[in-house]
Each structure stands twice: as C-alpha cells, then as structure tokens.
Amino acid sequence: MLALTFETFRQLTVDGFFRGCSYGLLGVGFALILGVTGRFHFAYGFLYTLAAYLAFTFAFRVNWPFWLSAAIGVVLASVGGSLIEARVYRPLARNAGPTALLAVFVAALGIGIAGENAIRLLWGANTQSFYGPTKEPYTVWDAIFINFDVWQAASGITITLALAAMLRYTALGRRIKATRANPDLARTIGIDSDRVYVIVFFLGTFCASVAAIWYALKYTVDPAMGTLPVTYAFVTAFLGGTQRSPIRVFSMGIVVALIEQYSSIWLEVRYTQTAVFVVLVLYLTYLAIKSSAWTARFSRPRIARA
Amino acid sequence: MDRDGTEIVHEGRITRRRMLFGTAGALSAAVLLAACGGDDDDDAGSNDTDAAAGSEGTSGASTATGGSAATGGSAAPGGAAPTGDLAALLGIDPASAGAGKTIELGAVLALTGTGSYYGKTMTRGLDLGAKHIAELGGPTFKYTYLDHKSGDAAAGVQAMQELISKGIQMKFASYGDNIGSMLTQTEEGKVFTLDGGGGTGIFAQGKPFFWGTRAITPNDTLPGVFQWFKENYPDKKTVGVMGWDAGEEINAVGKEDTLAKIADAGLEFNGLYELVPIGGQDFSQVIPKIKSNEPDLLLCGHYGQDPGSFADQASTAGLTAVKMSFEFTPDGVNASKGAYDRDGYLFSYDYFDPKSQKSPLSVKFIEDFNAEYGEDPDFYAANFYENAFVMWECMRRIWSKDPEAETTGEAMDAALQEDLTVVSVYGGDESTLGTYTLDPKTHSVTKRLMGVFEYKGGETTPLAFFNIGGADYEAVS
C-alpha cells in the first residue's frame with residue numbers, strides 16, 4: 001500500500017479545484033447549447049482545439065501580442081460555433097424533420113473528426129509549444145499551483161457569474177430562457193429562435209475557447225486536445241443539469257474533478273476517469289428509479305393532496 | 001411546372017448565398033494558410049504511393065547497378081556516399097537485385113490520431129528507403145499505406161483485411177502490430193511483417209510472420225539503465241515506475257519483467273507502480289502520489305508528448321528523483337515547455353543519434369533525409385528506412401536462387417531466417433555497415449545498439465552505450 005500523506009490530500013484538492021474550474025466552464029458552455037437548442041454539439045471539442053490553434057497562429061506565426069492573439073482565437077472560434085449552427089445544424093434539422101436529433105448528432109460528429117484532421121493538415125500533427133506570460137509557481141497550504149491555475153479559475157468563475165446574471169436580468173437572457181422552455185411558443189411571441197440559437201452557440205463556444213487557452217498555456221497545443229474535454233463537458237453538463245443555472249453546472253465541474261482526484265487515493269490513476277463515469281451511471285440509475293412506477297406510487301398521494 | 005419553378009428560384013437564392021459564403025470561406029482559408037505557413041509538408045495520408053525513385057526523374061535504377069566497383073558510383077542526390085561503394089557494401093548482385101520489378105508492400109501505420117506524428121516520420125523513412133533501393137538497382141517499391149488510427153484495433157483489423165484482399169503479403173507495421181490486434185490475420189494471411197515502431201513487445205514474441213525489429217522498450221534497456229544508475233548514483237537504491245496503461249495483459253507481463261530486472265540489478269522496488277492513461281497531459285493526480293512515495297530512480301514508461309508534459313509538471317512540483325524515460329521526440333521537447341532544456345531529460349532506448357553515425361548507408365540516409373525533409377531523421381524514420389532495406393535483402397536472397405520467384409510472405413519469412421543478422425543504419429563505421437540481429441524464437445532483436453542519453457540545452461549527449469540485457473556496456477566519459 002502506498003503512503004498517503006495529508007500533503008497529498010491537500011495537493012489533490014487544490015489541483016481538483018483548478019481542474020474543476022476548467023471542467024465547469026466547459027460544462028457551462030455545453031449545457032447552454034444542449035439545454036437551449038437540443039443539439040448534441042459533438043464538434044465542441046474541435047472548436048476548443050481551433051481556439052487554441054488560432055491563438056497559437058496569431059501569437060507565433062503572425063507574431064502579434066499574446067493576449068490579443070488569445071482574444072482573437074477565442075472570438076473566431078466562437079464565431080465558428082455560430083456558423084456551424086447557422087450553416088449546418090439548422091438546415092439539417094429543418095430538412096431531417098423527426099430525425100433531426102440524429103442528423104445533427106451525426107453532422108456534429110463528422111465536423112469534429114474532419115475538423116481535427118483538418119487541423120493536422122494545416123498545422124501539422126506535431127505538438128506545438130504555446131508560450132505566453134511567464135509561469136509562476138505558488139505554494140499555499142503546502143500545495144503547489146501556478147499563476148495560470150489562478151487565472152483559469154478567476155476567468156471561469158467570472159464568465160459563469162456573468163452568464164448567470166445575463167440569463168436572469170437581461171432581455172436577451174429572458175429570450176434565451178423562453179427559447180429553452182419552448183422554442184415554438186417563443187416564436188409565437190416574437191422571439192427569433194434562430195437568432196437565439198446562433199447567440200447561444202457563440203456563448204457556449206466562448207466558454208470552451210477560454211478553457212482551451214488556459215489548457216494550452218498550462219500544457220501544450222495538439223490536434224487531439226479537444227477529444228477528452230468534450231466528454232467532460234458532457235458529463236458535467238448532464239450531472240449539473242442542462243436546464244439549470246450556469247452556477248450549478250460550474251460547481252458540478254468542480255465536484256467531478258474532485259471525484260476524479262480523490263478516487264486516485266484508492267484507485268490507480270488509470271481508473272480515475274472510470275470513477276467519473278461510474279458516478280454518471282449511478283446518477284442515471286437514480287433518475288430512472290426516481291421516475292419509475294414504483295416510486296410514483298409513493299408520490300401519488302402528494303399529487304392528490306396538491 | 002410550379003414545383004420545378006420553385007426549385008429553380010430556391011436554388012438561385014442559395015447559390016448566391018453559397019457564392020458569398022464560398023468567397024468568405026476562401027478568403028478565410030487563405031488567411032489561415034498564410035498564418036499557418038508551410039509548417040507541414042505532410043503527405044502521410046496518401047494511399048498507394050509509388051515511392052520509388054522513378055518519379056524523381058533521376059533514373060535511379062540505373063545509377064548504381066554496377067554496384068561492386070568501388071569507384072563506379074555516382075554521387076547520390078544529397079551529396080552522400082557514392083552508391084557504387086554502397087552497393088558493394090550491401091553485397092548487391094545486379095542479377096538478383098530486382099531491377100525492373102514492381103513490388104507491392106503494405107504499411108499499416110498511425111496516419112491519423114494522436115500518433116500521426118509517428119506515421120509521418122515512418123512514411124518518410126519508407127519513401128526514402130524505396131528511393132534509395134531503386135537508385136541502387138533494386139525494384140520499385142509500391143506502398144499501400146493504411147491507417148490504424150493510432151492504436152485503433154478495429155482499424156488495424158480492417159487494414160489487414162484490405163491488404164489480404166489485395167494479395168499483399170509483405171508489410172511494415174507499428175504499435176506492436178497495432179497492440180496485437182493484427183497478429184492473427186498476419187499469421188493466417190501469411191503476411192511477412194517487420195514492426196520497427198513497437199517491436200514485438202513482451203506480448204507478441206514468437207508470432208509467425210511477425211518480426212519486431214527494435215528493442216523491447218523499456219524492458220530490453222533496463223539492465224543497462226540500472227548499471228548506469230548504480231555507477232552514477234552508488235548510494236541510491238530504490239526504484240519506482242510510472243507508465244502507460246497498455247491493457248491488462250500487456251501491463252501484467254511488463255510489470256513482472258520490470259520487477260524481476262529491478263531485483264536482478266540489486267535495486268529495491270519501492271512499491272510505486274502507477275499506470276496512467278495514454279496521451280494524457282495532466283499529471284496532477286499521479287504527481288502527488290509519486291511525491292509521497294518518491295523513489296531514487298523513477299522509470300517513466302510513457303511516450304510521445306507525454307514525457308514532456310510530465311517533465312514540466314514534475315519540475316514545478318519539485319520532484320527530485322532521477323527520471324528515466326524511454327523515448328525522445330520533438331513532441332516531447334515542445335510539450336516540456338523548456339523543462340528538458342533547463343533541467344535535462346534522461347532517456348534510454350535504441351535511439352538514433354544522427355551525429356554519431358558513420359557508415360556509408362547511414363550518412364547517405366541522413367544527408368538525403370535532410371535534403372528531402374529539411375531536418376535530421378529520428379529513430380522511427382531510421383527504423384523504417386532500414387526495414388525497407390531488410391525487405392529488399394530478403395527479396396534478393398529469394399531472387400538469388402530464382403530471379404523469377406514470387407516474394408510471398410512464406411518465402412520472405414524463410415529468406416529472413418536464412419540469416420537473422422541484417423543491415424542497419426545504426427552502428428558500423430566508414431567502411432562497414434551496421435547490423436542488427438533477430439532471435440529465431442522470440443522474433444525480437446537479440447543485438448541492437450542502445451544507450452542512456454541526456455538532452456539538455458538543445459544538445460543530446462550519450463552517457464553510456466550497451467546492448468540488449470546490458471551486454472557490452474560502455475560508459476561514455
């Protein structure tokens with residue numbers, strides 16, 4: 001049995017929190033898109049990768065300042081998300097009719113795979129170093145982390161709070177929520193659902209793109225970097241609830257990361273991703289039991305009372 | 001008709017929009033391409049590549065057919081060793097060299113996916129090998145490149161079906177014949193296979209028609225590594241392991257062998273044996289565990305960019321163990337974000353050091369590779385280049401008995417087994433070619449030059465050289 005110190009626990013907790021901020025931001029964007037539009041946007045991972053590559057290109061090939069390059073990468077990838085909705089998903093969904101969900105899913109999968117390979121063709125298959133501001137380590141509570149971790153957490157929390165406030169207090173937020181509740185009904189009261197979808201895709205991809213920049217700064221840029229994030233985005237969004245507040249989804253990202261981190265205490269590291277999916281399966285089972293006829297029998301009297 | 005009329009109007013409207021978007025798309029693509037620059041001249045994804053020199057218009061087939069005359073060779077395109085000398089060193093008999101023949105070979109490699117870097121460098125080695133073989137009076141090698149998608153078992157099986165259906169009975173492979181998934185078809189289809197990427201590993205030894213032409217990594221290197229460690233750190237004893245999760249069966253045999261070798265070396269396993277997912281860049285779960293159980297020597301059995309990411313994070317976390325990895329790639333250097341250059345990066349395997357190669361074949365390979373691709377070849381390019389020559393050597397053995405004989409998988413396998421010491425771009429000197437030797441039982445290498453190296457500040461320095469099992473150990477002063 002390997003030794004486990006309290007220092008290990010603290011380090012796992014701190015790393016889990018920062019990693020969770022990334023999962024949370026990815027989950028917030030994915031939940032927003034899935035919750036409002038119903039599109040299973042598998043190309044999310046490709047746009048995540050694209051944001052990092054565009055930032056890399058402007059910073060190291062065009063030699064523009066790092067922060068400007070990062071901002072351009074994020075905005076262009078977000079526009080790419082909107083274009084995919086407007087030019088691919090929407091026409092497909094309209095033509096596919098009742099099979100729209102499957103058609104969009106297959107198209108998203110195709111864009112994801114083709115996009116990843118297009119990145120390989122354009123930029124090469126090699127890993128690319130992505131340098132920005134100087135990395136600075138800090139030690140707090142005997143746990144080591146770096147300045148990029150702090151900035152990632154700060155940006156994730158800020159974006160999530162801003163998104164939550166926008167949904168709650170602005171006219172656009174109300175339009176998004178109305179479309180999320182019932183797009184057809186929203187149309188009858190004059191809300192342009194198509195436009196809302198495009199905006200939602202922009203905002204969702206924006207979240208992923210910001211997460212991608214931090215990932216690239218902390219690690220590196222490679223064509224397959226978007227594969228795993230889309231999985232975590234899905235898990236976080238699903239556990240957090242696609243119809244729920246971004247704050248709840250973001251928090252769920254931290255929970256998912258902490259589950260992953262703490263499971264490494266008892267499990268080998270190779271099984272920690274599995275632990276997350278075990279939690280997902282347990283949650284799904286719980287939902288199934290909750291909505292089953294057996295549990296409904298117990299809730300009927302309360303309905304009757306109501 | 002109304003319906004037709006409607007369609008025409010509809011199509012016209014879409015066409016204008018499409019034109020607008022098409023123009024915008026083209027402009028964006030132009031900007032993007034300009035921004036990307038000419039980073040990648042990747043042609044790895046192409047299929048059915050006729051890789052012989054004929055397409056170069058250098059009439060390679062006639063350049064050096066005389067072969068044996070030491071003075072007869074004209075200079076190779078890259079200005080390397082004269083091909084006449086080389087032909088003599090390779091023992092080429094024009095009668096059995098195969099000039100004028102076209103030979104179909106398969107190559108099932110990682111052309112897409114996380115390991116596509118490997119696929120690219122391997123195809124470069126194969127293409128250059130085919131070009132040089134044609135220049136030396138050999139046949140035209142026509143490759144069918146197929147993709148196993150960086151370790152996808154289903155893709156590997158599908159590729160094998162395609163090769164077998166085309167009647168191709170010779171192939172190059174990587175990833176230990178795609179981590180074992182293609183071995184059954186290799187045997188049943190009698191497809192003679194040389195794997196210079198993954199070798200046999202421990203799990204694929206002795207499989208019919210399958211030959212691993214590189215050392216088993218990391219296990220073959222471990223005795224030499226431990227000897228180097230004991231010499232340089234005489235007061236340190238404990239060893240821990242972190243490596244890729246390659247599947248239960250492979251993990252189990254790898255662990256058993258590693259622990260046995262630690263014990264044989266008189267070192268002490270400290271209980272740390274952590275396996276991590278392939279291709280992961282975030283080591284925040286494993287580093288705290290290592291830190292709590294830090295050994296004196298940490299064996300890092302992971303590859304590609306992963307060691308680079310790990311080195312960067314281990315440096316930040318303040319790990320003090322001597323870290324020994326088993327691969328050195330540009331991806332790792334990039335992912336290390338300066339950690340390799342700053343702290344140094346130790347690695348051990350059958351690394352191809354372009355600076356220390358002297359044999360005429362190696363020099364020609366390195367110079368022409370540089371001329372063709374603008375960079376030094378790495379060990380994957382070297383392994384696949386030399387394996388193209390091994391294929392040719394087997395063919396020549398067949399044709400020396402009957403110039404019209406078919407190069408079937410069975411015939412190639414028998415031809416190889418006639419003499420299991422074959423040509424290599426590793427080792428040798430100015431007047432002799434390097435060789436490596438295969439084992440008739442394990443089908444893995446029994447003799448292959450390897451060593452411990454350190455990369456630091458942009459330079460790679462050999463620290464010790466040895467052979468499999470630590471034989472012929474020699475520290476570099």
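B:His443 is buried, with a relative accessible area of 6%, where buried means under 20% relative accessible area, exposed over 50% and partly exposed in between, computed with a 1.4 Å probe on protein chains only. B:His443 is found in the loop between strand S13 (433–438) and strand S14 (445–447) of chain B, helices (H or I, at least four residues) and strands (E, at least two) being DSSP runs numbered from the N terminus. Although B:His443 is not a glycine, its phi is positive, at about 65 degrees.

This is a predicted model, in which local features need pLDDT of at least 70 and side-chain atom pairs count only at pLDDT 80 or more, while totals for chains, interfaces and linings use all residues. Residues are numbered from 1 along each chain as its sequence is written, chains are lettered from A and ligands numbered from 1 in the order in which they are written, and side-chain values use heavy atoms, with hydrogens and water left out.

**Backbone geometry**

- Most residues other than glycine have a negative phi, and most peptide bonds are trans.
- A:Trp141, a residue other than glycine, has a positive phi near 60 degrees, and it lies in the loop between strand S1 (137–140) and strand S2 (143–146) of chain A.
- With a relative accessible area of 47%, A:Trp141 is partly exposed.
- The peptide bond that runs from B:Thr217 to B:Pro218 is cis, with omega near 5 degrees, and B:Pro218 has its place in the loop between strand S6 (210–212) and H8 of chain B.

**Chain B as a whole**

- Chain B contains 16 helices and 17 strands, and buried residues make up 55% of its 477 residues.
- Among the contacts in chain B between residues at least 6 apart in sequence, 68% join residues at least 24 apart, contact meaning heavy atoms within 4.5 Å.

- B:Cys300 has its place in strand S9 (residues 297–301) of chain B and is buried, with a relative accessible area of 0%.
- The C-alpha atoms of B:Cys300 and B:Val241 are separated by 6.2 Å, although the two residues are 59 residues apart along the chain.
- Leaving aside neighbours within four places in sequence, B:Cys300 is in contact with B:Met242, B:Phe310, B:Lys323, B:Met324, B:Ser325 and B:Phe326.
- A:Gln261, which has its place in helix H10 (residues 246–266) of chain A, counts as buried at 0% relative accessibility.
- Not counting residues up to four places away in sequence, A:Gln261 touches A:Leu12, A:Asp15, A:Gly16 and A:Arg19, and also B:Ser284 and B:Gln285.

**Helices**

- The 24 residues of helix H4 (residues 100–123) of chain A should span 34 Å at 1.5 Å a residue, and the end C-alpha atoms are 33 Å apart, which agrees; the expected span of a helix is 1.5 Å times one less than its number of residues.
- Buried residues in H4(A) include A:Ala100, A:Val104, A:Ile111, A:Gly115, A:Arg120 and A:Trp123.
- H4(A) is followed by A:Gly124, which has a positive phi near 95 degrees.
- Two packed helices are described by the angle between their axes and the distance between the axes.
- Helix H8 (residues 222–232) and helix H9 (residues 248–264), both of chain B, pack at an angle of about 35 degrees with their axes 10 Å apart, where axes are lines fitted to C-alpha atoms, for helices over the stretch in contact, and angles run from 0 to 180 degrees between N-to-C directions.
- In this packing, B:Leu222, B:Pro223 and B:Phe226 of H8(B) meet B:Thr258, B:Lys261 and B:Ile262 of H9(B).

**Aromatic rings**

- Over all chains the structure holds 63 aromatic pairs, meaning rings of Phe, Tyr and Trp (its six-membered ring) whose centres lie within 6.5 Å, with planes under 30 degrees apart counted as stacked, over 60 as edge-to-face and the rest as tilted.
- The rings of A:Phe6 and A:Phe9 have their centres 5.8 Å apart and their planes at 20 degrees, so this pair is stacked.
- Both A:Phe6 and A:Phe9 lie in helix H1 (residues 6–37) of chain A, three residues apart, about one turn of the helix.
- A:Phe58 and A:Trp64 also form a stacked aromatic pair, at 5.2 Å centre to centre with 15 degrees between the planes; A:Phe58 is buried at 11% relative accessible area, whereas A:Trp64 is partly exposed at 38%.
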